[in-house]
Amino acid sequence: MKPVRPKKVLGQHFLKDLQIAQRIADTLSDFKEYPVLEIGPGMGVLTRFLLDEKHDLSVVELDSESVAYLNQHFPELQGRIFAEDFLKMDLKQLFPGPFCVIGNYPYNISSQIFFKVLDYKDQIPCCSGMLQKEVAERLAAGPGSKTYGILSVLLQAWYDVEYLFTVSEHVFDPPPKVKSGVLRAVRNTRIDLGCDEKLFKTVVKTSFNQRRKTLRNSMKPLLGKECPDYSSPLFDKRPEQLSVEQFVELTLITERNLKNQSDKES
């Protein structure tokens, strides 16, 4: 069977370097007791190493040409190749218990993949893989970094995120226009944020909508112009300066003020 043609519309760039594929597979070496879901295996360059290391592996692949290739070359995956869109899958139907996620993620949906991982954070102890270097650095960035943003905060609230290594554009077919980065996110010990989780997401997103402004300005859509807590030193900061714990504090302040506003109106 002929090799699969990379498709631009699917963001496909097939990794050719086997040593890098092995290093990516090794990011799950401490999690062999869990089933693994590989996203976007393409022609299986990473798949072969995951199988060699005896992972209980399933794969999800949207490209029908790649699915046919995988079925022919990886008979051991029979019944575990899902020709679906990962972003639309109900993962609880596939995995009733914990499972890990790995992949050479398509650049065009990599952020969406991690948002979906967060939806299943209580089932996913580790998520690792390769994505655009800029995105990987953003996910791992800490407070004070210019690349620290919404997904950095939301992911780091629940995961310890580590940028592992950079991958040259020259080891892909076709070569992308940017470098790639390999990242690993391991679930931390946090069970509860200590605040309303939905409001926490809203607070993080609202504050970063005007990331160059102080929180006193960027939080006005939620808190209004006359919030009594604006005198707090916390509101002198910009969102990129806040740790996860400070965003929790900001959420609790917001929750209290929203309740006071509601009480006044009633």
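In strand E9, the residue that bridges to Gln132 is Ser180. Strands here are DSSP runs of E, at least two residues long, and helices are runs of H or I, at least four long, both numbered from the N terminus. E9 covers residues 180-187, and seven bridges join E6 to E9, running antiparallel. Two strands are called paired if DSSP finds at least two bridges between them.

Before going on, this is a predicted model: local features need pLDDT of at least 70, side-chain atom pairs count only at pLDDT 80 or more, and totals for chains, interfaces and linings use all residues. Residues are numbered from 1 along each chain as its sequence is written, and side-chain values use heavy atoms, with hydrogens and water left out.

Back to E6, residues 126-132. How many of its residues are buried? Seven of seven, so the strand is mostly covered, where buried means under 20% relative accessible area, exposed over 50%, and partly exposed in between, with a 1.4 Å probe and protein chains only. E6 also has four bridges to strand E5, residues 100-104, and these two run parallel. Val101 stands opposite Cys127 of E6. From E5 the chain passes through helix H5, residues 110-119, to reach E6, a right-handed β-α-β crossover. Right-handed means that, with the strands pointing away from the viewer, the path from the first strand over the helix to the second runs clockwise.

Next, the cysteines. The structure has zero disulfides, a disulfide being a pair of cysteine sulfur atoms within 2.5 Å. For Cys126, the nearest cysteine sulfur belongs to Cys100, 5.2 Å away. Cys126 counts as buried because its relative accessibility is 0%. For Cys227, the nearest cysteine sulfur is that of Cys195, 16 Å away. Cys227, at 7% relative accessibility, also counts as buried.

Now helix H3, residues 64-73. Its buried residues include Ser66, Val67, Tyr69 and Leu70. Viewed down the axis of H3, the buried residues fall within an arc of 165°, so they line one face of the helix; the arc is taken from the directions from the helix axis to the C-beta atoms. They pack against strands E1 (14-15), E3 (57-60) and E4 (81-82).

Last, Gln246, in helix H11, residues 244-265. Gln246 counts as partly exposed because its relative accessibility is 22%. Setting aside neighbours within four places in sequence, Gln246 contacts Leu234, Lys237 and Gln241, contact meaning heavy atoms within 4.5 Å. The C-alpha atoms of Gln246 and Leu234 are 8.1 Å apart, with the two residues twelve apart along the chain.
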